[in-house]
Amino acid sequence: MSAGAQAPGSTQVHGGRIVAKRLAANGVSKLFTLSGGHLFSIYDGCREEGIDLVDVRHEQAAAFAAEGWAKATRTPGVCALTAGPGVTNGMSAMASALMNSSPMVVLGGRAPAMRWGQGSLQEIDHVPFVAPVTKLARTAGATADIAGLVDEALAAALEAPGGPAFVDFPLDQVFMEGEAPDEGAATLPDPASLPAAPDVAEAAEQLRSAERPAIMAGTGLYWGHGEVALRRLCEELRIPVFLNGLARGCVPADHECFFSRARGTALKGADVALVIGVPMDFRLGFGGSFGDDTQIVVIGSAEPGKPHPRQPAAELYGGIAATLDALREEAAGGPDRSGWLSSLREAENEKRAAERDDLADSRSPLHPMRVYAELQKVIDRDTIVIGDGGDFVSYAGRVMETYEPGCWMDPGPYGCLGSGPGYAIAAAVARPDRRTLLLLGDGAFGFSGLEFDTMVRHGLPVVAVMGNNGIWALEKHPMEFLYGYSVAAELQPELRYDRVVEDLGGHGELVRQPDELAPALERAFASGKPALVNVLTDPDVAYPRKANLA
Ligand SMILES: Cc1ncc(C[n+]2csc(CCOP(=O)(O)OP(=O)(O)O)c2C)c(N)n1
Ligand SMILES: [Mg+2]
């Protein structure tokens with residue numbers, strides 16, 4: 001459109017600038033990406049609008065960083081992936097974000113509309129294959145549609161339950177000019193202020209009369225900003241709390257109502273269990289983690305799209321914080337539960353005592369539990385701990401303590417190896433005031449290890465601790481158990497991943513003996529650089545795992 005044809009007062013800007021203007025208007029300050037010509041106008045727009053680009057080495061890391069940003073801040077993370085392979089490389093992170101209800105927006109480049117079907121470079125229709133792993137998947141049909149679509153994608157990402165939203169922009173539409181959009185923020189859903197579920201009375205009555213209640217809360221609690229309400233509920237009604245996923249830290253690990261090792265005893269023995277913001281998936285034995293007679297009260301931000309594997313006694317869908325507040329008020333005045341709490345504390349203490357030998361194990365190469373005993377001594381209460389690996393991370397999940405919301409990130413039920421460095425990049429960008437600690441298996445390193453270069457270029461002092469056992473332990477041990485042998489389970493023993501990180505410009509440490517670990521960790525944190533502490537761990541240690549594939 002020529003300047004003469006403009007309506008009076010209208011300003012023409014290119015489509016990429018429109019994208020950036022709507023992102024900035026809605027509070028987005030970072031864009032995770034890897035370059036591709038289809039994205040240039042978006043980059044130019046971000047530059048003009050003051051949105052920082054964080055450029056990575058593989059699109060999977062950009063997309064996991066967008067999810068990690070959401071996990072660290074509870075605001076949508078945004079990435080831009082180039083047309084075709086850029087988008088396909090981001091698919092695992094989209095699927096992960098869908099399962100974790102992580103609000104994120106994926107902006108895709110796209111071959112030009114005017115040549116569609118003629119075989120432009122990287123031409124493929126993304127929408128049909130991203131649709132099953134996103135909440136919204138759309139193509140901007142014209143430059144004039146761009147602003148509205150960006151707002152819609154942000155809204156879809158935040159609408160409970162949150163998740164990934166995808167919009168792609170044909171090259172011609174996003175490079176052409178259109179009218180500059182409104183400057184104001186869109187009205188976006190706020191999961192923290194959703195009203196309580198209707199009709200809590202019946203569930204509240206069940207909870208009030210419960211003698212042995214228990215709470216199992218997961219990721220949805222965090223997205224619903226339910227930590228304050230949960231703390232008040234458990235304190236006032238005297239209910240033991242168990243946490244997984246992103247709910248970890250929502251009740252601090254040293255809180256009188258927090259338990260972890262006594263989970264089996266508590267969930268099996270509970271007469272009423274509140275299952276908050278977590279599906280009854282494999283992590284809860286598809287409902288079998290609870291006793292046969294346990295009355296289950298499901299609390300979630302929205303009705304799930306599929307049936308529960310076990311019939312709940314009550315289902316409360318609405319704002320999680322408000323629902324917990326309502327339950328607390330209506331369920332007050334129940335029986336004395338101090339006996340129940342103290343019997344669980346006893347079970348908890350007994351199980352913790354049984355771990356002491358492993359935590360103090362002096363072998364070389366190290367027992368993974370010894371690694372965590374040393375780590376727990378040096379980390380702060382608000383260190384953001386990220387796990388990416390097999391058995392090494394299972395041990396961490398068992399023994400690392402979390403004290404604040406947002407300070408534990410694991411891949412969640414999608415279980416994608418390689419998510420850690422992207423999460424860590426985002427956490428370090430989002431929270432420069434905190435330390436970011438990345439726990440890595442040696443196998444996991446291979447997926448996104450080159451992201452240490454990203455951390456170096458962007459000055460992100462992530463400290464990674466590797467449990468280097470030279471194997472894919474979480475696969476090798478189970479395969480040997482089932483078949484008596486294993487294949488495709490070996491990696492190079494004692495590989496110097498620390499040197500790789502050094503050559504990328506970071507700090508590296510090799511640890512063979514337990515007493516070398518604490519000083520190596522101190523040097524790594526003091527280096528102020530991205531660091532890898534490569535700890536040689538014992539490949540013969542197998543995580544005591546119950547089968548969880550099905
Ligand atoms: C992308 C992806 N590929 C494969 C797997 C299957 N898998 C789960 S854990 C694991 C082993 C991880 O090995 P490592 O990171 O060295 O940790 P370890 O179990 O040895 O402690 C594998 C291969 C997966 N979860 N995700
Ligand atoms: Mg390994």
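Two strands count as paired if DSSP finds at least two bridges between them. Helices (H or I, at least four residues) and strands (E, at least two) are themselves DSSP runs, numbered from the N terminus. Keep that in mind as you click around.

Before you start: this is a predicted model, where local features need pLDDT of at least 70, side-chain atom pairs count only at pLDDT 80 or more, and totals for chains, interfaces and linings use all residues. Residues are numbered from 1 along each chain as its sequence is written, while chains are lettered from A and ligands numbered from 1 in the order in which they are written.

**Stop 1: a pair of strands.** Select 104–110 and 164–170. These are strands E5 and E7, which pair in the parallel sense over seven bridges. Now pick out Val106: its bridge partner in E7 is Phe166.

Stop 2

**Stop 3: where domains meet.** Colour domain 1 (12–189), domain 2 (193–351) and domain 3 (355–536); such bounds come from an automatic or database domain assignment. Here 20 residues of domain 1 are in contact with 25 residues of domain 3, contact meaning C-beta atoms, placed from the backbone, within 7 Å. H3 is back: nine residues, the largest share of domain 1's side, come from this helix.

**Stop 4: a covered strand.** Select 436–441, strand E16, where six of six residues are buried (20 or more other C-beta atoms within 10 Å of a residue's own, with C-beta atoms placed from the backbone). Thr436, Leu438 and Leu440 point one way, and Leu437, Leu439 and Gly441 the other. E16 runs parallel to E14 (384–388), joined by five bridges, and Val385 stands opposite Leu437. Five bridges also join E16 to E17 (463–468), with Leu438 opposite Ala464.

**Stop 5: the ligand.** Finish at ligand 1, surrounded by 19 residues, each with its C-beta atom, placed from the backbone, within 6 Å. The closest are Gly390, Phe392, Gly441, Gly443 and Ala473.

Conventions
Contact = placed C-beta atoms within 7 Å. Buried ≥ 20, exposed ≤ 12 C-beta atoms within 10 Å, placed from the backbone.
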